[in-house]
Amino acid sequence: MVGKDCVAIACDLRLGLQALTVSNNFPKIFQYGDNVFLGLTGLATDLSTVSDLFRYKVNMYRLREERNIAPKTFANLVSSSLYEKRFGPYFVSPVVAGLDPKTSKPFICGFDSIGCIDFAADFIVSGTATDQLYGMCESLWEPNLAPEDLFETISQALMSAVDRDALSGWGAHVYIIEKDKVTKRLLKGRQD
Amino acid sequence: MVKVGEGNSRAATFQPHLGRLSPIEIYHARLGRLGKAWQRDLSSLSSGWEVLLGITGRDFTLIAASKAAMRGATILKASDDKTRQLNKHTLMAFMGEAGDTVQFAEYIQANAQLYSMRNETDLSPSALAHFVRGELASSLRSRKPYNVNLLLGGVDPITHKPSLYWLDYLATLAPLPYAAHGYAQYYCLSILDKHHHPDISLGQGIKLLTLCIDELKRRLPVDFKGMVVKAVTKDGIVDIEFDDDKVVKSA
Amino acid sequence: MAMFSQNPLMNGPNYSFGDAPKIGAPEGAREHRFDPYTDNGGSTLAIAGADFAIMAGDTRLTSGYSINSRHHPKVFKIGGTTADQHDATIVLSVVGFAADGEALKERLDSICKMYRYRHGKPMNVKACAQRLSTILYQKRFFPYYAYAILGGLDEEGKGAVYSYDPVGSYEREQCRAGGAAASLIMPFLDNQVNFKNQYVPGSGEGHALQERERRPLSRNEVEILVKDAFDGAVERHIEVGDGLQMMVITSNGVEEILLPLKKD
């Protein structure tokens, strides 16, 4: 979700096999550098594979270029890496959020499982509670939210959405990304 | 069209109707097919009746595995040990398709031991768990994936922190305070949800394990021939004597 | 594939039912199948207030990707003395298969009118709600494919909303969204009507957190909420749009409001 000079990214913590909850502490957001974040939903094994793959690729990028990767560059890396597996894809739908290292402009985008980028100016949703999240975000979000208001908006949107989805929930992680500050908060939420 | 049974194992899965679909439809059909393959029904597999349990506590990780080796409706062995020691303080328990399990476990065991010999140091439980996941993940997208579910328990040699990793055949890795595989999940996780605490002693851990196994004896329709129970502590792995002959009255 | 054949320009005549002639079937052979249901999209919403109830629905009627009408009502007054329903006190909304919805509305309306004729008084919502459940369950094995919501004022004059599944399971609720965009609107309602996930600032952490106290919403607040909910749904669901029809039930009768929604 985009705010004024800030972005937020949030995920729930459930890991399940259909109806059975296997873990209630399985974060789906990964950090790649100071202000580049990747959220992943989908098949859990591919979540790990993909997040590890990008950790490797981003570390190699940092060594080669001697600088951190920018969100836009990272988004294109995600896209091309997923499209490489066009005919045997990773079953994930990623979300990228971050601030441009030069201009500090908020950047968010989403992808399908084969890397088609969806650039958005407001918000990106993904996962089993997509419908609910669209409904919540579309009605709660407004332009130019300050960091604290953005935190409240993204949290209310996520919590209410996952409470109407049997396959999501069990608490949440919320990251608010500002120019020289990243705030991570744990939301408890309903434990059912 | 490819004839079925021409010695090509792919022929059996060849879907002639995919030929007339657009690329997008083939893509969705593939998604659907893979999706189905990954939603296996436990009851159709003999490995569905195997039991794997793991519990962590203050300074230990308990691993328990059923003793029965099954093939269809037959019990081939009643004293099977479904665990392998990877190094001094890491133990792995496994269940799944008959040939795959031991093959995969011993491959991992050999690699763990090779690492220990080459580097004169052991891999930590977390490092091993991620190594296993990597091997399982590359196997998943190979021609013949391993069908193995695992629990990996250990105590970190430096921090002495106990840990337990849950891995399924899709290479899903989850670090957990307590875990189970197969039908045991449905019966034991609720008991563990209620009674587990991260600060329990080994004695309390064994009590909790007994509670779980009693419930399995009470509710599982097959006799799994008791459990092999092992505890990982900072001093290494110890076998725990477990009373398999205890009779649990059905509810 | 059926989804794409809905467009008459692309594939010649289009069939709303599954009895289209089979292309490529052996000569003389014809598969006869009759699919009696179509999903006509759209969404409905009902919220009960302290002394009023608001029933709302969009006015788009779709089949597949085509829009068949931009002015098709989903919300109906039920059980007035005459056909114009000027003195009706109960409102029914239906989404799903439009023909079944229409049939259901006609059936319930005539039953309410018969009740008025026999007993010399209008039916109350509670009785009407139970009767609607019976009507739906009578067709348990060939159901009306319609998600119904019934609204009115109860015996104490409080707003009442009853929601149904197609076979007659029902429940009185504070608010309910139905139809294509139900999954988009319902969590919003939880959050904004029942204040779910809202806590008193500074009331503590964990179990010490105090839930924000629920209070009855004013009519104006609810009207704004309904409009916001639909504006959100229209933005993200292709089957919802065109017009927003709202029925406000108060002790003075039923007031109908028509507002525009995006038509794209």
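A polar contact is a pair of N or O atoms within 3.5 Å; within protein, one atom must be able to donate a hydrogen and the other to accept it, and residues adjacent in sequence count only if both atoms are side-chain atoms. By this rule, six residue pairs, both members at pLDDT 80 or more, are in polar contact across the interface of chain A and chain B. The model is predicted: local features need pLDDT of at least 70, side-chain atom pairs count only at pLDDT 80 or more, and totals for chains, interfaces and linings use all residues. Residues are numbered from 1 along each chain as its sequence is written, chains are lettered from A and ligands numbered from 1 in the order in which they are written, and side-chain values use heavy atoms, with hydrogens and water left out.

Chain A contributes 23 residues to the contact (heavy atoms within 4.5 Å) and chain B contributes 21 residues. Together the two chains bury about 1700 Å². Buried area here is the accessible area (1.4 Å probe) that two parts lose on being put together, summed over both. Carbon and sulfur atoms account for 62% of the area between chain A and chain B. On the side of chain A, A:Leu20, A:Thr45 and A:Phe91 supply 30% of the area buried against chain B, more than any other three residues.

The rule finds one salt bridge across the interface of chain A and chain B. A salt bridge is a side-chain nitrogen of Lys or Arg within 4 Å of a carboxyl oxygen of Asp or Glu. B:Arg141 pairs with A:Asp46 in a salt bridge, and their closest N and O atoms are 2.6 Å apart. Three elements of chain A give two or more residues to the side that touches chain B: strand S2 (15-17), strand S3 (20-23) and helix H1 (44-65). Helices (H or I, at least four residues) and strands (E, at least two) are DSSP runs, numbered from the N terminus. H1(A) provides the largest share of that side, six residues. By class, the side of chain A that touches chain B has twelve nonpolar, eight polar and three charged residues. Ala, Val, Leu, Ile, Met, Phe, Trp, Tyr, Cys and Pro count as nonpolar, Asp, Glu, Lys and Arg as charged, and the others, Gly among them, as polar.

Chain A also meets chain C. Here 16 residues of chain C are in contact with 16 residues of chain A. The buried area is about 1400 Å², and carbon and sulfur atoms give 53% of it. Within chain C, C:Pro187, C:Asn197 and C:Arg236 lose the most area to chain A, together 41% of what that side buries. Two salt bridges are found across the interface of chain C and chain A. A:Arg164 and C:Asp190 meet through their side chains in a salt bridge, at 2.6 Å from N to O. Six residue pairs, both at pLDDT 80 or more, are in polar contact between chain C and chain A. Helix H4 (182-192) and helix H5 (219-236) of chain C each give two or more residues to the side that touches chain A. H4(C) gives the largest share, eight residues. That side of chain C has four nonpolar, six polar and six charged residues.

Among the buried residues are C:Met186, C:Pro187, C:Phe188 and C:Asp190. Their cover includes helix H3 (130-140) and helix H4 (147-163) of chain A, together with strand S1 (43-48), strand S10 (175-179) and H5 of chain C.

C:Gln198 lies in the loop between H4 and H5 of chain C. C:Gln198 is buried, with a relative accessible area of 15%. A polar atom of its side chain lies 2.8 Å from the backbone oxygen of C:Asn191. The side chains of C:Gln198 and C:Arg212 are joined by a polar contact of 2.7 Å. Beyond neighbours within four places in sequence, C:Gln198 has contacts that include A:Gln156 and C:Glu211.

Methods:
Buried < 20%, exposed > 50% of the residue type's maximum accessible area, 1.4 Å probe, protein only.
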